[in-house]
Amino acid sequence: HLSRGFDTATNLVFGTTDEHVYSSADATVLVGKKATLTDLLADTDALAKILGESTLDATAQSVINAAFDSISGKSGSGTTFIPLSDGSVRRFGMIALPNEVTRNNHSFSVHALTDSVGRVSPKKGTVNVVVAAGDDEAVTPGAIAIAVAKAFPLYSRKTNDGKPKDDKDRVVFVTLLDGAFEPIVDNEASAAMAASAEGVRLAARLVDTPPEELTTTAFAMEAKAVADAFPSVSCEEIVGDDLKEKGYGGIHGVGRAAVCPPRLVILKYEPETTTEESENIALVGKGIVYDTGGLSLKTKTGMCGMKGDMGGAAGLLGAFSAAVSIGSPHKIHLLLCLAENAIGPPAFRNDDILTMYSGKTVEVNNCDAEGRLVLADGVSHATKHIDGLDLVVDMATLTGAQLIATGKKHAGVLANTAELETRAVKAGLRSGDLCYPLLYAPELLKPEFKSDVADMKNSVKDRSNAQTSCAGHFIEDHLAAGYDGGWLHCDMAGPSNKGDRGTGYGVGLVLSLLGAKGF
């Protein structure tokens, strides 16, 4: 990669059946629903195999049982140390997940898995994470890979006496067990898990990278690096004043005051083989590498964290890279709408009227509602220039109102058909990148953007009137007039971050939407 940060040295390896890994690990972490772990701990042969032992010492068994019994309630985690037959002692962690969840949560409580696995794993050495999924078909390998990957972010600028501080070359092996507590051997699934995890960690790294490093130029270089890695991917871009000359008034207007110019980066993937289910799909990401709010300036506290306003573009770049690596049968176009919403003499102003790539005019009444402007140009380009397009998915950290509507773990999705809405929700439940429908009613909500001097304004009149849906409908209004395919808008302002870290949200959702291997 091309940013100047220090990468932590945690490596993830999926699907190992090497008994040497089991026997030589510095730590073993056992994950499963509480009822499943109860059954597994009673199967001493299976437990011994996980630990790389021929038989399980009675003392070790009693220590493990005591640690498990200390996990009170429906779920929890704990760590202990157990004696092994060679006289050594091994760190042993357990993550007990709830046996049952409600219908809008992932059945394996992947958020709890993410929260716990990093905490119970040591900071150095070899860690064997063993996931006992049982016979639950809803627990996909991809969802497990993504949940684990989210626990081990890459970006760090921490130092130790001025030298990079990392995780001591930690290696985390991830093994899935079937209902009989035997390791699952599936090389294709393991490869898909690795690609999915790499996509998540790429997306999270980009979100974590400060704007001094991740400029629009640097982001474009990250995209080009993905394209260069695959012969089946091509890359082109439109940069700076060329955007203005070609009519991309939204992207150019938002980014024209920044030191690094705005860009529309377009990656195209042509699959080697297709199927009857293959689709032609455009992924359009909001890539605001820093959002000051523009001349509608944010506050000193409200501006902190706005390096993550490119989370949609990051998630889609990670998903695109993973889909290509897995070998998706779909034709995929990735459009990254990159800009920095900076202030300065050339900055766009409230009361300016921008002419968008759709040809429609927008009266600016909020320079801090910039994401919809760049996405409007992106979806317009996709629906004008991609022949035979079946589906447009735009993804963005678009509105704070999304958190009010659907919370911090569920993105809000807006779809132009009920079938696509259902498909998205099911994809979220399979992948663990959860989402929930927003109100779809353009004929009722579009009047919020009424302008007396242009085709529309860019921000609503009444912020209490389903404003996160309104923001999505603004983007929808710039789809080409003749486009009759699917459109899915994903506002992931909440789940894109947890605390001060990016989560890599979006990679799993898109891979699941595409029906990728492992999902």
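Ser-469 lies in helix α16, where helices (H or I, at least four residues) and strands (E, at least two) are DSSP runs, numbered from the N terminus. The model is predicted: local features need pLDDT of at least 70, side-chain atom pairs count only at pLDDT 80 or more, and totals for chains, interfaces and linings use all residues. Residues are numbered from 1 along each chain as its sequence is written, and side-chain values use heavy atoms, with hydrogens and water left out.

With 2% relative accessibility, Ser-469 counts as buried; buried means under 20% relative accessible area, exposed over 50%, and partly exposed in between (1.4 Å probe, protein chains only). Leaving aside neighbours within four places in sequence, Ser-469 is in contact with Leu-414, Leu-438, Leu-439 and Leu-445, contact being heavy atoms within 4.5 Å. The loop between β20 (456-457) and α16 (467-476) holds Ala-466. Although Ala-466 is not a glycine, it has a positive phi of about 50°, and at 27% relative accessibility it counts as partly exposed. Most residues other than glycine have a negative phi. Ser-109, also not a glycine, has a positive phi of about 50°. This serine is placed in the loop between β5 (89-97) and α5 (110-120), and its 4% relative accessibility makes it buried.

The interior may be considered next. In soluble globular proteins, nonpolar side chains tend to be buried together. A nonpolar core is a set of buried Ala, Val, Leu, Ile, Met, Phe, Trp, Tyr and Cys residues joined through side-chain atoms within 4.5 Å. The largest such core has 86 residues, of which Phe-219 and Leu-267 touch the most other members. Helix α11 (residues 311-326) supplies the largest share of this core, nine residues. Apart from it lies another core, of 45 residues, including Leu-264, Ala-396, Cys-470 and Ala-471. Not counting residues up to four places away in sequence, Leu-267 touches several residues, among them Ala-223, Val-226, Leu-317 and Phe-320.

In helix α2 (residues 34-42), the buried residues are Lys-34, Thr-36, Leu-37, Leu-40 and Leu-41. They lie on the same side of α2, because they cover an arc of only 155° around the axis, the arc being that of the directions from the helix axis to the C-beta atoms. Their cover includes β3 (27-33), α3 (44-50) and α4 (58-69). Helix α6 (residues 141-150) is largely enclosed by the rest of the structure, because eight of its ten residues are buried.

Charged pairs complete the picture. Side chains of opposite charge can pair when their charged atoms come close. A salt bridge is a side-chain nitrogen of Lys or Arg within 4 Å of a carboxyl oxygen of Asp or Glu, and the whole structure has 22 of them. In one of these, the side chains of Asp-136 and Lys-33 meet at 3.4 Å, N to O. Asp-136 lies in the loop between β6 and α6 and Lys-33 in strand β3, so the pair ties together parts that are 103 residues apart in sequence. Asp-136 is partly exposed at 26% relative accessibility, whereas Lys-33 is buried at 16%. Arg-205 forms a salt bridge with Glu-222, their closest N and O atoms being 3.1 Å apart, and both residues are buried. Between Glu-237 and Lys-224, the closest N and O atoms are 2.7 Å apart in another salt bridge. Lys-224, Glu-237 and Arg-263 are linked in a network of salt bridges.
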